Amino acid sequence: MEKYLIDTNVFWEILCDIAGVSAAGRRFDTDKIKNGECFISEITKIEIMSVMGKYARGDQGGWQLCNRMIKEDGTRCKERYYKTGHKKWKNKQVAAMRKLVMDILSGKSSLFQVQILPVSNEVIVEAEKFIYYAFKYKFASLDAVIAGTAIAYDKDHFIIVTHDSSFRRALLDEGIHIMKEKESAAI
């Protein structure tokens with residue numbers, strides 16, 4: 001049985017799939033993942049509440065000023081672009097998703113089982129080593145803790161599932177298995 005270490009962005013994808021909620025970026029075979037042995041870091045346990053909060057609050061969207069530097073002399077773009085938003089979730093939907101998350105995290109859910117891996121001193125040591133890939137690839141510092149979790153808990157037996165392309169490249173450089181997008185096989 002495959003052992004998946006699931007990053008926050010894919011954990012959210014799985015939660016939305018279970019709840020029947022539309023989520024952007026569905027790029028993995030969530031049924032294949034759910035049929036494996038699934039793990040998350042304590043970091044993901046915390047981050048998932050922040051992601052849910054983003055949907056609960058909603059986002060108006062609207063016109064934004066570009067302001068990117070477009071010439072070497074420092075000239076800035078004066079164009080605008082439209083950023084789409086999303087409606088604030090209704091309280092009932094937020095409560096249902098919170099219950100689903102809490103049931104899964106506490107092990108009470110029959111819909112999806114996940115084991116939470118503690119952030120130990122060894123995880124931190126490995127994350128401190130992995131963060132040096134940030135000189136080559138752009139990824140978040142908490143992603144280094146996810147990588148440190150895989151390394152500390154036996155990187156040869158985990159397949160990390162994440163959408164973050166820069167993080168994926170750093171994981172491959174480290175020799176950590178990742179799940180291919182759209183196809184459902186480890187590389």
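**Fold, helices and aromatic pairs of the chain**

The secondary structure of the chain comprises seven helices and seven strands, where helices (H or I, at least four residues) and strands (E, at least two) are DSSP runs, numbered from the N terminus. The model is predicted: local features need pLDDT of at least 70, side-chain atom pairs count only at pLDDT 80 or more, and totals for chains, interfaces and linings use all residues. Residues are numbered from 1 along each chain as its sequence is written, and side-chain values use heavy atoms, with hydrogens and water left out.

Read from the N terminus, the elements follow the order β-α-α-β-α-β-β-α-β-α-α-β-α-β. The C-alpha trace spans about 55 × 45 × 30 Å along its principal axes. Of the 187 residues in the chain, 40% are buried; buried means under 20% relative accessible area, exposed over 50%, and partly exposed in between (1.4 Å probe, protein chains only). Among contacts with a separation of 6 or more, 64% join residues 24 or more positions apart, a contact being heavy atoms within 4.5 Å.

Helix α3 covers residues 42–57. Its 16 residues reach 24 Å from the first C-alpha to the last, close to the 22 Å expected at 1.5 Å a residue; the expected span is 1.5 Å times one less than the number of residues. The buried residues of α3 are I43, T44, I48, M52, G53, Y55 and A56. These buried residues pack against β1 (3–6), α1 (8–19), β2 (37–41), α4 (91–106) and α6.

Helix α6 (residues 141–152) has 12 residues and a reach of 17 Å between its first and last C-alpha, close to the expected 16 Å. Because 10 of the 12 residues of α6 are buried, the helix is largely enclosed by the rest of the structure. The buried set consists of D143, A144, V145, I146, A147, G148, T149, A150, I151 and A152. After α6 comes D154, with a positive phi near 100 degrees. The C-alpha of A152 is separated by 9.3 Å from that of N121, 31 residues apart along the chain. N121 lies in helix α5 and is exposed, with a relative accessible area of 67%.

In the whole structure, 11 aromatic pairs are found; rings of Phe, Tyr and Trp (its six-membered ring) pair if their centres lie within 6.5 Å, with planes under 30 degrees apart counted as stacked, over 60 as edge-to-face and the rest as tilted. The ring centres of F130 and F167 are 6.0 Å apart and their planes stand at 90 degrees, so this pair is edge-to-face. Since F130 belongs to helix α5 (residues 121–130) and F167 to helix α7 (residues 165–174), the pair ties together parts that are 37 residues apart in sequence. F130 and F167 are both buried. For Y132 and F135, ring centres 5.8 Å apart and planes at 20 degrees make the pair stacked. Y132 counts as exposed at 57% relative accessibility, and F135 counts as exposed at 73%. One aromatic cluster is formed by F130, Y133, F139 and F167.
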